[in-house]
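Subject: Handing over the structure

Hi,

Here is the structure I said I would pass on.

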Amino acid sequence: MIIYNVTVNIDESIHDEWLAWIKEHIPQVLGTGKFDKATLTRVLVEEDMGGFTYSIQYRSYSREALDAYYREDAERLRGDGLKKFADKMLAFRTELQIIDEYTVNFK
């Protein structure tokens, strides 16, 4: 599995509006059928550039599913945020390959 990670720095002036928007946007990305879950997190490191930084991690079913997302959906879905927030939002994307997962259960 691959995690498609989108890290976004949001200007303080649009923070609340962006946060409401992203909570609607994530289900749209999941609705493409290329991912089985998403996690929205706030980055707790203060940025020199100011604003707020978030990470959205979309868990893809496979490399093929992620490639299909890039071909079929990414441009349209990325464009939504760019049109709405323009220069008040800076995003970069990374891919993470899951090697192994661990859990612990204390009883």
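One term before anything else: a residue is buried under 20% relative accessible area, exposed over 50% and partly exposed in between, using a 1.4 Å probe and protein chains only. By that rule, 36% of the chain's 107 residues are buried.

A word on where the values come from. This is a predicted model, where local features need pLDDT of at least 70, side-chain atom pairs count only at pLDDT 80 or more, and totals for chains, interfaces and linings use all residues. Residues are numbered from 1 along each chain as its sequence is written, and side-chain values use heavy atoms, with hydrogens and water left out.

**The fold**

You'll find 2 helices and 4 strands in the chain, following the pattern β-α-β-β-α-β along the sequence. Both kinds of element are DSSP runs numbered from the N terminus: helices are H or I with at least four residues, strands E with at least two.

The strands make an open sheet in the order β2-β3-β1-β4, with antiparallel pairing; two strands pair if DSSP finds at least two bridges between them. β2 (35–42) and β4 (89–97) are at the edges with a single partner strand each, so one side of each has no neighbour in the sheet. From one strand to the next, the twist averages 15°. Between β2 and β3 (residues 52–60), which run antiparallel, there are 7 bridges, and T39 sits opposite Q57 in β3.

Both helices pack on this sheet. Helix α1 (residues 15–30) touches β1 (2–10), β2, β3 and β4, and its direction makes about 5° with that of β3. Helix α2 (residues 63–85) also touches β1, β2, β3 and β4, with its direction at about 165° to that of β4. For these angles, axes are lines fitted to C-alpha atoms (for helices, over the stretch in contact), and the values run from 0 to 180 degrees between N-to-C directions. Contact means heavy atoms within 4.5 Å.

**The cavity**

How many cavities of 30 Å³ or more are there? The count is 1, and the largest cavity has a volume of about 170 Å³. Among the 17 residues lining the largest cavity, V6, W21, H25, R78 and R93 are the closest to its centre. α1 gives the most to that lining, with 5 residues. A cavity here is a set of points on a 1 Å grid, over the protein atoms alone, where a 1.4 Å probe fits but cannot get out; lining residues have an atom within 4 Å of a point. Points are joined across faces, edges and corners, and the volume is the space filled by probe spheres set on them.

H25 lies in helix α1 and is buried at 8% relative accessibility. Beyond its neighbours within four places in sequence, H25 contacts Y58 and L77.

I26, also found in helix α1, is buried with a relative accessible area of 11%. Not counting residues up to four places away in sequence, I26 touches A38, L40, I56 and Y58.

T32 is in the loop between α1 and β2, and counts as buried at 17% relative accessibility. A polar atom of the T32 side chain lies 2.7 Å from the backbone oxygen of V29. Leaving aside neighbours within four places in sequence, T32 is in contact with Y69, D73 and L77.

Cheers

Methods
A polar contact is a pair of N or O atoms within 3.5 Å; within protein, one must be able to donate a hydrogen and the other to accept it, and residues adjacent in sequence count only if both atoms are side-chain atoms. On a 1 Å grid over the protein atoms alone, a cavity is a set of points where a 1.4 Å probe fits but cannot get out, and a pocket is an open set with protein on both sides within 12 Å along at least five of seven lines; lining residues have an atom within 4 Å of a point.
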